[in-house]
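I opened my notebook to look up a few surface and charge features in this structure. My entries follow in the order I made them.

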Amino acid sequence: MVLIGFESINRDNLKQMNKEWTQRLGERDELIEKIHAAGISIYASFVFGFDEDTEESFVNTLRFSRKHEFFVIAFNHLLTFPNTETYNRFKSEERLICDKWWLQEGYTFGTISFVPKQVSAEELRALCRKYKKEFFRFGSIFKRGFVCFKRTKNPFINFAYWFINILFHFEVDKRIGIPVGENMD
């Protein structure tokens with residue numbers, strides 16, 4: 001299995017991330033097919049909350065993820081890390097809800113620390129949950145499970161697929177609200 005940080009399927013968002021170079025690597029669909037043809041499963045990771053993201057971004061990314069029948073996906077919200085271009089821009093635009101979110105007592109998984117342009121912070125959180133939940137519904141797990149079996153006959157990979165996907169099915173709501181960075185001593 002390989003983890004691929006697609007980040008976004010939106011060209012303008014990739015440009016905002018300074019990752020438009022990924023578009024020059026070749027046709028994305030063709031590259032994914034080659035990876036799958038080699039028997040390699042893909043953990044596809046996406047980040048939402050950039051300036052062009054709307055609910056339609058989630059719909060398109062879910063459609064893209066289903067088309068390629070990824071092993072698993074991550075639909076995460078953007079984290080504005082200090083001293084990055086995004087953090088500095090959001091700070092200058094007064095879009096940071098808390099400029100030192102990583103030090104904020106009670107900061108939890110799923111908390112949005114900035115004001116997105118196209119949706120509210122709460123909508124962004126809800127959309128990440130909604131579309132991740134949609135990808136990990138049982139019908140999707142079963143359909144992708146049969147595809148996984150066709151891609152590889154390795155019993156360990158197939159067992160891992162079912163275990164991880166069923167775990168993720170039940171985990172979506174459990175992660176929201178978990179304290180981040182606390183009780184680590």
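**Entry 1: a nonpolar patch**

I looked up Phe-146 and found this residue exposed, since its relative accessible area of 55% is over the 50% cut-off. I note that the model is predicted. I placed Phe-146 in helix 6.

Phe-146 makes a nonpolar surface patch of about 500 Å² together with Phe-138, Phe-142, Ile-166 and Phe-170. Helix 6 (138-151) and helix 7 (155-175) each supply at least two residues of the patch. The largest share, three residues, comes from helix 6.

**Entry 2: helix 6**

I checked the length of helix 6: its 14 residues should span 20 Å at 1.5 Å a residue, and the end C-alpha atoms are 20 Å apart, which agrees. I listed its buried residues as Ser-140, Ile-141, Arg-144, Gly-145, Val-147 and Cys-148. Their cover includes helix 5 (121-135) and helix 7.

**Entry 3: salt bridges**

I counted 14 salt bridges. In one of them Arg-66 pairs with Glu-134, with the closest N and O atoms 2.6 Å apart. Arg-66 lies in helix 3 (residues 55-68) and Glu-134 in helix 5, so this pair ties together parts that are 68 residues apart in sequence. Arg-66 is partly exposed at 29% relative accessibility, and Glu-134 is partly exposed at 28%.

Which residues are linked in a network of salt bridges? I wrote down Asp-51, Arg-89, Glu-93, Arg-95 and Lys-117. Glu-93 is partly exposed at 35%, whereas Arg-95 is buried at 8%.

Key: Residues numbered from 1 in each chain as written. Predicted model: local features only at pLDDT ≥ 70, side-chain atom pairs only at ≥ 80, totals over all residues. Heavy atoms only, no water. Patch = residues over 30% accessible without salt bridge, like charges linked within 9 Å, V, L, I, M, F, W, Y side chains within 5 Å. Areas by Shrake-Rupley, 256 points an atom, 1.4 Å probe, with all protein chains shown as cover. Salt bridge = Lys/Arg side-chain N within 4 Å of Asp/Glu carboxyl O. Helix = DSSP H or I, 4+ residues; strand = E, 2+ residues; numbered from the N terminus. Buried < 20%, exposed > 50% of the residue type's maximum accessible area, 1.4 Å probe, protein only. Expected span 1.5 Å × (residues − 1). Contact = heavy atoms within 4.5 Å.
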